[in-house]
Structure formats: C-alpha cells, structure tokens
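Here are a few notes to read with the structure open beside you. Take the points in order, and look for each part as it comes up.

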Amino acid sequence: DYLQTVIDKNPGSRCIVTTVTGPTEDQIEAMKKGQAVHISNTPRFHGLFFCVSAARLGFLEGCRPFIGLDGCFIKLTTGAQILAATARDGNNNIYPVAWAVVAKEDAEDWTWFLEQLKEAIGGEQGKFGYYTIMSDRQKGLIKAVSTVFPNCPQRFCLRHIYANFQRAGFVGEDLK
C-alpha cells in the first residue's frame, strides 16, 4: 500500500517489492544434511527497490554521469542490507538516486538492484554519455555491474582499497 501511494503521489517513481517461494537457504542446507524439512509455499520478502521520480529526474538532469554503489547492514534481527546508488550533484555533494532493502549483499541481489536502477534511469547512459560506476570492489557487485551495465566503466573507491590492504596487513600504521 505504501509503495502504491508513493507511485500515485509521485508519478514516474519506480517502487517495487518482490517475494520468493520455495526453500530458504537454511532449509537447503538442512536438506543437504539429510534432514527432513517442511517447505512452505507462502511468499517471503525478497527485495524492496525505491527510486522516487524527483530523485531520478534530478540525477538525469543535473548530476554528473557517475553512480556510486555501496551496501550496509541494517541493525535488525533479519540481517537485511541496504543497497544504495548515489551520484554527485553540481556542488560536488552526494545525491541519493535509489536504494533497496535485500537479504544480503551478493551477486544475485546486486544484479536485481542494478536491473531495477537501470530501468529507473532509462539505460546505461544519460545525456552526458555512459555512466561511470564506482564501488568498493565487492565480488558480487563487480560481477553484477559487468552483467547489467556492460558498457559502463567501473572504478573502485580508494578509501575501500586502502582499508582492505590495511586489514590484510599490507599497509603499516607508520604509513598513515
């Protein structure tokens, strides 16, 4: 009902909720171990995508052809994650384009999110050319971008690259 209200009050918005049926990942693991599992045909939440028309138009008409992608955990018992697409406006400020709530940050959910984003913004390029897509090099995300936006150049966030090297022990404290 909420998504329909957003769509009705903001024509041109893309708001989608999807469900899945069949066994959960935990049930699949239990079946692999030979355990008996009851599989319900009741639909379960899969994803929520949200791109309001004003944000979409602002991005298309006034932002650079740049999309930043990232995910973060939601501090709930479900362990869900938020996936976000942002841009840079004319003042070099972060501009929210779209977001989604999904079960986890993996190639399948990133692909679903990017397919919805691509539909919302009208393809791989805007009036300034192909979009440049920047991310944190998360494996599922790299694959999803290559699949959904094959003609768009990918770039990687230097802060994330540095943090990953630091966690791996390649960058010492003395080099900060």
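Predicted model: local features only at pLDDT ≥ 70, side-chain atom pairs only at ≥ 80, totals over all residues.

1. Seven strands form an open sheet with mixed pairing, and their order across it is E1-E2-E5-E4-E3-E8-E9. Which strands sit at the edges? They are strand E1 (14-20) and strand E9 (154-156), each of which pairs on one side only. Ignoring direction, neighbouring strands of this sheet are turned by 20° against each other on average.

2. Now follow the sheet to its E9 end. Strand E8, residues 132-135, pairs with E9 in the parallel sense, and three bridges join the two.

3. Helix H1 (residues 2-9) lies across E1 and E2, and runs at about 160° to E1. Helix H3 (residues 53-62) lies across E2, strand E3 (66-73), strand E4 (81-88) and strand E5 (94-102). Its direction is at about 135° to E5.

4. Because Phe-49 belongs to strand E2 and Phe-113 to helix H4, the pair ties together parts that are 64 residues apart in sequence.

5. Helix H4 and strand E2 come up again at the largest pocket. This pocket has a volume of about 520 Å³. Its lining is made of 17 residues, and Val-20, Glu-25, Arg-44, Phe-45 and Ala-103 are the ones nearest its centre. Helix H2 (25-32), strand E2 (44-51) and helix H4 (107-121) each supply at least two residues of the lining. What classes of residue make up this lining? There are seven nonpolar, three polar and seven charged residues.

6. Finally, what does a search of the whole structure find in the way of cavities of 30 Å³ or more? It finds one. The largest cavity holds about 40 Å³ of space. Around it you can pick out Phe-59, Leu-60, Cys-63, Arg-64, Pro-65, Gly-126, Lys-127, Phe-128 and Tyr-131. By class, this lining has six nonpolar residues, one polar and two charged.

Definitions and conventions. Residues numbered from 1 in each chain as written. Heavy atoms only, no water. 1 Å grid on protein atoms, 1.4 Å probe; cavity = no way out; pocket = protein on both sides within 12 Å on 5 of 7 lines; lining within 4 Å. Points joined across faces, edges and corners; volume = space filled by probe spheres on them. Helix = DSSP H or I, 4+ residues; strand = E, 2+ residues; numbered from the N terminus. Nonpolar A, V, L, I, M, F, W, Y, C, P; charged D, E, K, R; others polar. Pairing = 2+ DSSP bridges. Axes fitted to C-alpha atoms, helices over the stretch in contact; angles between N-to-C directions. Contact = heavy atoms within 4.5 Å.
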